[in-house]
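The following note is intended for a colleague who is meeting this structure for the first time. Please read the numbered points with the sequence and the model at hand.

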Amino acid sequence: MALKITSDCVSCGACEPVCPNSAISPGDETYVIDPDKCTECYGWHAEQQCASVCPTDACLEDPEHRETKEQLLAKFQRLNPGKEPENTDKWQPLGRSA
Ligand code: SF4
């Protein structure tokens, strides 16, 4: 499932540059994640980059956007045409829900 950024976000901006899918942007109150672009870092990294840099643990799984690995892979391929997915054998879901 895509991740979401909760109201614990302090708008430090640490997450925006680390997202490989450019899914994060500044919102009115907090940074926001576009669920159409978030693959939970599937295809790129073993762990979710935004969650790993967030100082307030504001990046959590979004239960409203549940997806299987196959769906995440399809999203990765749509966003990154021709790119081979990496680290899929090491990838783990975040396991921290809002
Ligand atoms: Fe971007 Fe990965 Fe965070 Fe999703 S989990 S918003 S792809 S950094």
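This is a predicted model: local features need pLDDT of at least 70, side-chain atom pairs count only at pLDDT 80 or more; totals for chains, interfaces and linings use all residues.

1. The shell around the ligand. By class, its shell consists of nine nonpolar residues, four polar residues and one charged residue. In total, 14 residues surround the ligand, and the closest are Cys19, Cys38, Cys41, Gln48 and Cys50.

2. Glutamine 48. Among the closest residues to the ligand is Gln48, which is found in the loop between β3 and α1. Is glutamine 48 buried or exposed? It has 27 other C-beta atoms within 10 Å, and because 20 or more are required, it counts as buried. Apart from residues up to four places away in sequence, glutamine 48 touches Leu3, Glu40, Cys41, Cys59 and Leu94. Cysteine 19 is 29 residues apart from glutamine 48 in sequence, yet the C-alpha atoms of the two are 8.5 Å apart in space.

3. Overall architecture. The protein contains two helices and four strands, and their order along the sequence is β-β-β-α-β-α. The radius of gyration is 12 Å, close to the 13 Å given by the globule rule for 98 residues, so the protein is as compact as a globular protein of that length. Along the principal axes, the C-alpha atoms fill a box of roughly 35 × 25 × 20 Å. Of the 98 residues, 33% count as buried. Of the contacts between residues at least 6 apart in sequence, 76% join residues at least 24 apart.

4. The largest nonpolar core. In soluble globular proteins, nonpolar side chains tend to be buried together. Which residues touch the most other members of the largest nonpolar core? In this core of 16 residues, they are Leu3, Cys15, Ile24, Ile33, Cys50 and Cys59. At least two residues of this core come from each of β1, β3 (31-33) and α1.

5. With its neighbours within four places in sequence left aside, cysteine 50 is in contact with Leu3, Cys15, Val18, Cys19, Ile24 and Cys59. There is also a second, separate core of six residues, including Cys41, Trp44, Phe76 and Trp91.

6. Helix α2 spans residues 69-79, and Leu72, Lys75 and Phe76 are buried in it. These three cover an arc of only 100 degrees around the axis, which means that they are on the same side of α2. An α-helix has 3.6 residues a turn, so residues three or four places apart point the same way. The exposed residues Glu70 and Arg78 are carried on the face of α2 turned away from its buried side.

7. Two residues with positive phi. Two loop positions deserve a separate look. Serine 11, in the loop between β1 (3-5) and β2 (24-26), has a phi near 55 degrees, a positive value in a residue other than glycine. Serine 11 counts as exposed because it has 12 C-beta neighbours inside 10 Å. Aspartate 57 is placed in the loop between α1 (49-53) and β4 (59-61). Its phi is near 50 degrees, again positive in a residue other than glycine. Aspartate 57 has 11 C-beta neighbours inside 10 Å and therefore counts as exposed.

Methods:
Residues are numbered from 1 along each chain as its sequence is written. A residue is near a molecule or strand if its C-beta atom, placed from the backbone, lies within 6 Å of it. Ala, Val, Leu, Ile, Met, Phe, Trp, Tyr, Cys and Pro count as nonpolar, Asp, Glu, Lys and Arg as charged, and the others, Gly among them, as polar. A nonpolar core is a set of buried Ala, Val, Leu, Ile, Met, Phe, Trp, Tyr and Cys residues joined through C-beta atoms within 7 Å. Two residues are in contact if their C-beta atoms, placed from the backbone, lie within 7 Å. The radius of gyration is taken over C-alpha atoms; the globule rule is 2.2 Å times the number of residues to the power 0.38. The arc is that of the directions from the helix axis to the C-beta atoms.
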